[in-house]
Amino acid sequence: MARRKILMATASVAWLAGVCAVQAQEGPSRVDDIVVTGSRIAGGDRIAPVETLERNVIAASGVADASQLVRLITANSGSEAQVDQLNQPQSSGTAQFNLRNLGLGSTLVLVDGQRWTTSAVVVTDGSAFVDINSLVPMIALQRVEVARDGASAVYGSDAVAGVVNFITRYNVAEPEISAKYAVADGSEESVIQAIGGFALLGGDLTLAASHFHRSALSTDERDFTQADRYGRASWTAVTSYGQPGSYYRPGTGGYAPDPACDNPAFDAAYRNSAGDAFCRLDYSDFFDLTPEETRTQVFADYRRPVGDMSLSLQAAWSTSETRARQTPSLPILAQSLTVPASHPDNPFGEDVLFRGRLLGAEAGASTAVFEYETWRLAAGLDGDFAGGWTWSLAATASRQHVAYDKPDVIGSALRNALNGLGGAGCDAATGAPGVGACQYFNPFGSAYLGTGTANSAELIDSLIGSTGLRGASSLITADASTGGQALAWAGGRVDVALGAQYRRSVFRHDWSDLVNAGELLTAGFSPDFEGDQQTLAGFAEARIHLGDRIEAQLAGRYESYDGDQGRFSPKAAVRWDVTDALALRASWGQGFRAPSVYAQSGAQASQPSVFDRGAFVFVNTLTSGDADLKPEKSESLTFGALWRPIEGLELGLDAWRFDYADQVVKESAQAIIDQAAADTAAGRTGTDAQSRITRSAGGALTFVQLYFVNASSIETQGIDLAARYGRDLWGGRASASATWTYVDRYDIRLSDGAAQVSGVGSTNLNNIGRSLPRNRGEFALSWSGGGHALTGLVHYTAGYRNDRSGINDTTIASQTTVDLLYTRTLGLDLDLALGLVNLADKAPPLAQYAFGYDPVVADPRGRVFSLGLTKRF
């Protein structure tokens, strides 16, 4: 039923336009489309602070896929655009914008001014977001416009921090095909793309397609990831859940390591000292810095005049597969398992509790597979009323489906096997331990050394299941709007836009039966769920021209979701051209963001790394949704100036401030653990924090219950600077540009009455923010002429502090990297491009994370050399 409604909503607009096309008598003519970001009225983007990435800039930056765009916008920070299997295990292969670090879902992403569905997965903190990797082929992009002020009054929910609008190419005069190959030490990537334009039925059809592949770059290819380099410090990629493992002995009241732990056959197993009670594992070699990734995308755009109207149709399809390596098997977190004294390989002579994992380093890495399929249909019909007013109808339908499979150990199967009732052919109810088809699983190192019972491959296979997530997120929208000149007088006029919108979003997750039953020992328990949200909105915008010097924008939007009382979002902006060279602008607005379907009705199991009782451990958590969550609300204020002191030079400055309250976030497991420890130290019992924590009989942390909650506030302010200069030089054209973002404040209040915490210049691991260096700068210098073009890019990130618990060095140094791209036109419309990303091959600044760097900020690849060819026909 839901799918039928989606298809009917989109088809209805296309059908109406098709009927008009049949009746039209006029011949084809070119209809120019004006796309404006930050306003519903053409020309309104003069007022808002909008940063534009043109197609040639994107190409010069060596960007091969959309995930790399986020590094070009200095106002963006805290995106999870790179794979971090330790901290982002359920969203590998996706990417998103995060303007002002206000949250992954607080930046609205549009394609040609229209919405796109959120991803079918959420990140570890529960944030829903639009996956920019799934949008359109890079070759189909004309430009990317970034409105850096709040835009809820114009676009509604999710535009709290701003808007990123992907604007596509159409009416392509020269078909082109391009191929690019890039290689870094230990990894390579390739992309082949094509785009062409065709005349069809009196209109222009644009078709584009791309195929992208990146090979894996594993952690064992980089020295900075290796725990050995740092003396296997507790903050590195080491764990006390090893194989060989450790055992809690009731007779001694403490843990003991596997007797084989020190055997040199186990290269990755170790103890901190001769008296260490734990057999530990160094897992430095088993993860990917960039995973193997394959993506295919197709895009079609059709536009034609229909009498006095204009018809537009779009279709997009994307499929991707990401294969991310991980440890041979995951730590056993969700249950405490007993190895009985009767086990033939038990060397302790008593029942012991097993702390470890099914397989050790000798088994090699296992693989988690993420498959995404995304499609989108869009239709629009525009026309003119008498008197110069225009009207527009539009509808979109989009959907992303995910298949996520991650191997994990089946709790009941392993429990039976530890008692001699393991194996696919064993009936645990009637079998005898270790007899016939019933086998013992030997968890001790003796199984590998050959001094104890060996574990057959068939037995191991019978103990492993999969998360088996099958999920989907979908969105339908229907828009109607009209606009035109409302008033005019000598020296001025008022242009107005009015409209209404309907949206319906649906989100569902269907886990494997094993996860539903809580059988997997790391993934834990997650219920299936499905929820939806329906939104109705009406908006009005006016642009007031007072002579040639002053232009003002007034906008308001009333939006109601799921029948609530609704929220009104106003905005006011003004631009004053003081002189021909100097313009001043200011804007103020209020906005809101509805809680996502996931935050209201979903449930998320995750295993974050936390610091507990002197050691880093991974703990099983479940975060539950809350149907009574309040909408987030915001207020933004900007002041700016544009100055053109000489010909060719443009300087810009924008001061901004955002107050963001009632933000929906996932509670911090570390905060609950710390609070419970503080309560215990103070002699309190039965507190809320203590009741949410579960420990094994040996004291190991096994579970933390979390909830989605409305946090109190984020207050942030800063300055954006921009400069651009161009002139003729040496028989060609030279240009230079720079953008810089300085964050003055980023203050977080986690709950009502709590003290503010400054998150500027911090990784923000212990609060709701993400890594936020105080300063970021992007600089470009280019020259082109005579068939040659050379571009140099400089990326600067200021140093910041690491607030991770349990580390001894909280500093993360600044980093400056340089990219170069040389393009040569060879004739016959053939271009050759040679590129170097990270010219000096700089490693990421040391950060005391598991793999020695901050994956939210730094690029681990090092120097990347690329060769590209583009042919136009």
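Student: Which conventions apply to the numbering and the values?

Tutor: Residues are numbered from 1 along each chain as its sequence is written, and side-chain values use heavy atoms, with hydrogens and water left out. As the model is predicted, local features need pLDDT of at least 70 and side-chain atom pairs count only at pLDDT 80 or more, while totals for chains, interfaces and linings use all residues.

Student: Where does UniProt place the feature "domain: TonB-dependent receptor-like beta-barrel", and what is the strand content there?

Tutor: The unreviewed UniProt entry puts this feature at residues 341-839; positions are given in the numbering used here, feature names are shortened, and annotations may be inferred rather than shown by experiment. Helices (H or I, at least four residues) and strands (E, at least two) are DSSP runs, numbered from the N terminus. Over residues 341-839 the end C-alpha atoms are 60 Å apart, and the chain is 9% helix and 56% strand.

Student: Which residue of β24 stands opposite Ala 395?

Tutor: Strand β21 also runs antiparallel to β24 (residues 469-489), with 15 bridges joining the two. Opposite Ala 395 stands Ala 478.

Student: Is Asp 654 buried or exposed?

Tutor: Buried means under 20% relative accessible area, exposed over 50%, and partly exposed in between (1.4 Å probe, protein chains only). Asp 654 has a relative accessible area of 5%, so Asp 654 is buried.

Student: Which arginines meet Glu 715 in salt bridges?

Tutor: The side chain of Glu 715 meets that of Arg 657 at 3.5 Å, N to O. Glu 715 lies in β39 (residues 713-729) and Arg 657 in β35, so this pair ties together parts 58 residues apart in sequence. A salt bridge at 3.0 Å, N to O, joins Glu 715 to Arg 745, which lies in β40 (residues 732-749), 30 residues apart. The arginines are Arg 657 and Arg 745.

Student: Is Thr 206 buried or exposed, and which backbone nitrogen does its side chain reach?

Tutor: Thr 206 lies in β8 (residues 203-214). Its relative accessible area is 0%, so Thr 206 is buried. Contact means heavy atoms within 4.5 Å; leaving aside neighbours within four places in sequence, the contacts of Thr 206 include Tyr 170, Ile 195 and Phe 299. At 3.2 Å, the side chain of Thr 206 reaches the backbone nitrogen of Asn 171.

Student: What separates the C-alpha atoms of Lys 633 and Ser 157?

Tutor: Lys 633 lies in β34 (residues 632-643) and is partly exposed, at 48% relative accessible area. Lys 633 and Ser 157 are 476 residues apart along the chain, and their C-alpha atoms are separated by 9.7 Å.

Note on methods. Salt bridge = Lys/Arg side-chain N within 4 Å of Asp/Glu carboxyl O. Pairing = 2+ DSSP bridges. Polar contact = N/O pair within 3.5 Å; in protein donor to acceptor, adjacent residues only side chain to side chain.
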